[in-house]
Amino acid sequence: MAYLQITLQVDPAHRAAAAGVYEKYKQPFLDTVPGATGKELLLRDEDVQVLHGFRDVADAKAYLTSELFTRDVVGGLFPLLKADPDVRVYDIA
């Protein structure tokens, strides 16, 4: 099992729009991305995180180069971001 954690710096005024991008692509992620096991949106005062579950690290890394991620998700989120996202992949021990 592996996790892909993406931390986004989004102004509070744009959080609803960012959540909309999450909702729009959550089911396509679960239905079409190889190895996808789950996806959660985590909100904090200082940032927004999206936690993706995968069968393994290779699946998580492959998602980062997929059209769903690079074209659809990044394209939808890019205008809302204050800084580059912090992207981390974790393997479960």
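These legends accompany close-up views of one predicted model.

The model is predicted, so local features need pLDDT of at least 70 and side-chain atom pairs count only at pLDDT 80 or more, while totals for chains, interfaces and linings use all residues. Residues are numbered from 1 along each chain as its sequence is written, and side-chain values use heavy atoms, with hydrogens and water left out.

**View 1. The open sheet has four strands in the order 2-3-1-4.** Pairing is antiparallel. Strands (E, at least two residues) and helices (H or I, at least four) are DSSP runs, numbered from the N terminus. Two strands pair if DSSP finds at least two bridges between them. Strand 2 (36-43) and strand 4 (86-91) stand at the edges; each has a single partner strand, so one side of each is left without a neighbour in the sheet. From one strand to the next, the twist averages 15°. Axes are lines fitted to C-alpha atoms, for helices over the stretch in contact, and angles run from 0 to 180 degrees between N-to-C directions.

View 2. Strand 2 and strand 3 are linked by seven antiparallel bridges. In this pairing, L41 faces V50 of strand 3. Strand 1 and strand 3 also pair in the antiparallel sense, over seven bridges. Here V50 is the bridge partner of I6. Strand 1 and strand 4 pair over six bridges, again antiparallel. L4 stands opposite V89 in strand 4. Six of the seven residues of strand 1 are buried, so this strand is largely enclosed by the rest of the structure. Buried means under 20% relative accessible area, exposed means over 50%, and partly exposed lies in between (1.4 Å probe, protein chains only).

**View 3. The largest nonpolar core has 21 residues.** Such a core is a set of buried Ala, Val, Leu, Ile, Met, Phe, Trp, Tyr and Cys residues joined through side-chain atoms within 4.5 Å. F29, V33, F54, Y63 and L77 have the most contacts inside the core. At least two core residues come from each of strand 1 (2-8), helix 1 (15-32), strand 3 (48-54), helix 2 (57-63) and helix 3 (67-77). Helix 1 gives the most, with five residues. Contact means heavy atoms within 4.5 Å. Neighbours within four places in sequence aside, V33 touches P28, F54, Y63 and L68. Helix 1 lies across strand 2 and strand 3 and runs at about 170° to strand 2.

**View 4. Ring pairs link F29, F54, Y63 and F69 into a cluster.** Rings of Phe, Tyr and Trp (its six-membered ring) pair if their centres lie within 6.5 Å; planes under 30 degrees apart count as stacked, over 60 as edge-to-face and the rest as tilted. By this rule there are four aromatic pairs. In one of them, the ring centres of F29 and Y63 are 5.0 Å apart and the planes lie at 70°, so the pair is edge-to-face. F29 belongs to helix 1 and Y63 to helix 2, so the pair ties together parts that are 34 residues apart in sequence. F29 is buried at 0% relative accessibility. Y63 is buried too, with a relative accessible area of 2%.

**View 5. Helix 3 has buried residues L68, F69, D72, V73 and L77.** Seen down the helix axis, these residues fall within an arc of 120°, so they line one face of helix 3. The arc is that of the directions from the helix axis to the C-beta atoms. The buried residues pack against strand 1, helix 1 and helix 2. On the face turned away from the buried side, helix 3 carries the exposed residues E67 and R71.

**View 6. V48 and H52 lie in strand 3.** V48 is buried, with a relative accessible area of 3%. Leaving aside neighbours within four places in sequence, V48 is in contact with I6, T7, L8, V10, R15, L41, L42 and L43. V48 and P79 are 31 residues apart in sequence and 15 Å apart in space, C-alpha to C-alpha. H52 counts as buried at 2% relative accessibility. With neighbours within four places in sequence again left aside, H52 contacts A2, Y3, L4, I6, F29, G38, K39 and Y63.
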